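The stops below are given in the order in which to select them.

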Amino acid sequence: MILGLRSKIIPLPDHKLGNIKLGSVTNAICHRPCRVRCSHSTASSMEEAKERIRETFGKIELSPSSYDTAWVAMVPSRYSMNQPCFPQCLDWILENQREDGSWGLNPSHPLLVKDSLSSTLASLLALRKWRIGDNQVQRGLGFIETHGWAVDNKDQISPLGFEIIFPCMINYAEKLNLDLPLDPNLVNMMLCERELTIERALKNEFEGNMANVEYFAEGLGELCHWKEMMLRQRHNGSLFDSPATTAAALIYHQYDEKCFGYLNSILKLHDNWVPTICPTKIHSNLFLVDALQNLGVDRYFKTEVKRVLDEIYRLWLEKNEGIFSDVAHCAMAFRLLRMNNYEVSSEELEGSVDQEHFFTTSSGKLMNHVAILELHRASQVAIHERKDHILDKISTWTRNFMEQKLLDKHIPDRSKKEMEFAMRKFYGTFDRVETRRYIESYKMDSFKILKAAYRSSGINNIDLLKFSEHDFNLCQTRHKEELQQMKRWFTDCKLEQVGLSQQYLYTSYFIIAAILFEPEYADARLAYAKYAIIITAVDDFFDCFICKEELQNIIELVERWEGYSTVGFRSERVRIFFLALYKMVEEIAAKAETKQGRCVKDHLINLWIDMLKCMLVELDLWKIKSTTPSIEEYLSVACVTIGVPCFVLTSLYLLGPKLSKDVIESSEVSALCNCTAAVARLINDIHSYKREQAESSTNMVSILITQSQGTISEEEAIRQIKEMMESKRRELLGMVLQNKESQLPQVCKDLFWTTINAAYSIHTHGDGYRFPEEFKNHINDVIYKPLNQYSP
């Protein structure tokens, strides 16, 4: 059966998609054919938006950081301690105070009050140090007075190191005779907590523990071992690519030509302000590629994405500090490179192999929830049983860490949603459902946070939102049209007369449309969905609907094919089923011949014969005669009856690339097909065990229990099957991502992975074929409900 699921679904009278009855939807589709239309002006506008997005590659800038600019402004001149080295930064501070008296990310966000307090206090220190801007200072103090409540508010998002840096700036303010309107008890509490944190680090209770606070060195002030700190200076002259920390080295330590050169190089780019991290090229390009993939539009920028990833891969091989000094960058680079067919080793993530090691070494110095999220995402792309043991360990501790964090009632809703999404297996979700969610949550004013909050104009902009929404709606219109074709085909074939519910039509089409969604794959998508329906019909025949003689009749009809009229039909339902199968295969074979330049019909027919004969084995030997097969015998048959070889190999012919007979019959295609079928079968058996046990059907779970003679429990059998399933899943992903010696085009290899993705996704929330509420909502979101995030 198709991915182990049958068409006997729970009746849902008056069923609705959103606020629309299924019957109303289907009638509307039949009477109002959809066409993918786009006005000339809209098409022109989208092309212009696409070009602007293309131009952002390599030119992405981060927003100004008031916090970092203020620290740079405090650096004294190399010639006089009483003069600023970078007076232009003071000018920027004077010119960029917000109306409420604060400094910070503009526009701000309700959860960034701590960030505004930190940026405001840093700006006040710079102005007071050089004795300018008295009016701005008073307004800034007014902001601190009215917003001081946020200092210890757990619902607010804290900049990294806030508990160390903010109290340090309070001390500095006292030295500058700047009286801060903060609650003395709150100040004392923060100072005590800061001292304890620093004391623990300086005691060096764990090897490398000091590295946890080095990134916040401006918050250590004179307590920092600056000479030792300078040993960590990077090739670009910075400390941790942080303008604030680099400026602090010039303030507290001594003049350093490389530090000065680093800050001066940034100001040459931005004139009078600095971002919170620089250089930004690696950081920005990684996030841009990730955003394009999440928005579902990366296929429009293949050349640009490849250029970026080629460069990232070159830096990876060189062990560039811009990647390996930041755990979030390293984890994201690893994930994007591996999933885009670059050969990278998980050993490079060994510094994050367990929670204690992560938090007590330099790997943890930039720790924030983004680093944890990226580590967990990277851990999901394991392809080797032994070589990727590091990823398994990372997966375990990051998941446990996030599960504990989610129990915290004070966790911001934004962080909670990000963690919940990251914890979902990337191969257990419908791509188009997640793309819609990402677009709906995409905000042009969204931000990220290090020691200061920041935005990226190239990643969060109106062009990306408009373009991705427009593309989603275009694909959706195409999917509606295809579903209309499916509806007519279903009706013409009279499939309801052989026991198939029309609701199954929606589910079957949605499953493939939600994963293989691109308009150019329409033929493959329709063939895939039709095969899913027909295979489910014949599976139901073999399971419980008709006698053995009728099944043998079907097999003989398929074997004769062109001469089927000489065989005859034993029943009306056999006639309906076979004619539907015949017309479908003939139609698909004709399209395949056009695309391939050769006839492949015999291969398509033989795939059906193989599957039907295996189904007869299941019925005759295992069910009627109650024979229990060995594990090897079971898998050799059940991995064919699951339907994967039939509908995947058929769909390959319709994807576009020409595939020779030698390629189709190659060991590579055979291995991909066998692995995909095994995973799909094992997923099915785990979830259908109870039902098939009641129907006296053979199942992998029951075989393991029977062969163990009672020594293996149901739970243990399922555990063993899950281990087998995971091993095969990794093996499959490894083959799909393998470039060396591969004869199969990538789009064809991806279809095998797409099939597994569908199988996992169906079972994520139970049996999707039984049309639960969430599955109905998915269909509505992907096929019917347009996206309207952007309103011009």
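**Buried charges**

Start by selecting D471, which counts as buried at 3% relative accessibility; buried means under 20% relative accessible area, exposed over 50%, and partly exposed in between, with a 1.4 Å probe and protein chains only. This is a predicted model, in which local features need pLDDT of at least 70 and side-chain atom pairs count only at pLDDT 80 or more, while totals for chains, interfaces and linings use all residues. Residues are numbered from 1 along each chain as its sequence is written, and side-chain values use heavy atoms, with hydrogens and water left out.

A salt bridge here is a side-chain nitrogen of Lys or Arg within 4 Å of a carboxyl oxygen of Asp or Glu. D471 sits in helix 22 (residues 462–492) and R432 in helix 21 (residues 431–441), 39 residues apart. Helices are DSSP runs of H or I with at least four residues, numbered from the N terminus. R432 is buried too, at 1% relative accessibility.

Next, select R335 and D290, whose side chains meet in a salt bridge of 3.1 Å, N to O. This pair links distant parts of the chain, with R335 in helix 16 (residues 327–339) and D290 in helix 13 (residues 281–294), 45 residues apart. R335 is buried at 12% relative accessible area, and D290 is buried at 10%.

Then go to E304 and R54, where the N to O distance of the salt bridge is 2.8 Å. E304 belongs to helix 14 (residues 302–317) and R54 to helix 2 (residues 40–56), so the pair ties together parts that are 250 residues apart in sequence. E304 is buried, with a relative accessible area of 9%, whereas R54 is partly exposed at 23%.

For a network of salt bridges, select D523, K530, E587, K591 and K595. The count for the model is 43 salt bridges.

Select residues 162–175, helix 7: its 14 residues reach 20 Å from first C-alpha to last, close to the expected 20 Å at 1.5 Å a residue. The expected span is 1.5 Å times one less than the number of residues. Of the 14 residues, 10 are buried, so helix 7 is largely enclosed by the rest of the structure. Among the buried ones are F162, F166, M169 and Y172. E163, also in helix 7, is partly exposed at 38%. After the helix comes N177, with a positive phi near 60 degrees.

Helix 11 (residues 243–252) is mostly covered, with nine of its 10 residues buried. The buried set includes P243, T246 and L250.

**Backbone exceptions**

Most residues other than glycine have a negative phi, and most peptide bonds are trans. Which bond joins N106 and P107? The bond is cis, with omega about 0 degrees, and P107 lies in the loop between helix 4 (87–95) and helix 5 (113–129). A cis bond also joins C278 and P279, with omega about 10 degrees; P279 is in the loop between helix 12 (257–270) and helix 13.

In the loop between helix 12 and helix 13, select D271. D271 is not a glycine but has a positive phi of about 75 degrees, and it is exposed at 53% relative accessible area.

Finish at W561, in the loop between helix 25 (548–560) and helix 26 (572–596). W561 has a positive phi of about 50 degrees and is buried, with a relative accessible area of 4%.

Key:
Helices (H or I, at least four residues) and strands (E, at least two) are DSSP runs, numbered from the N terminus.
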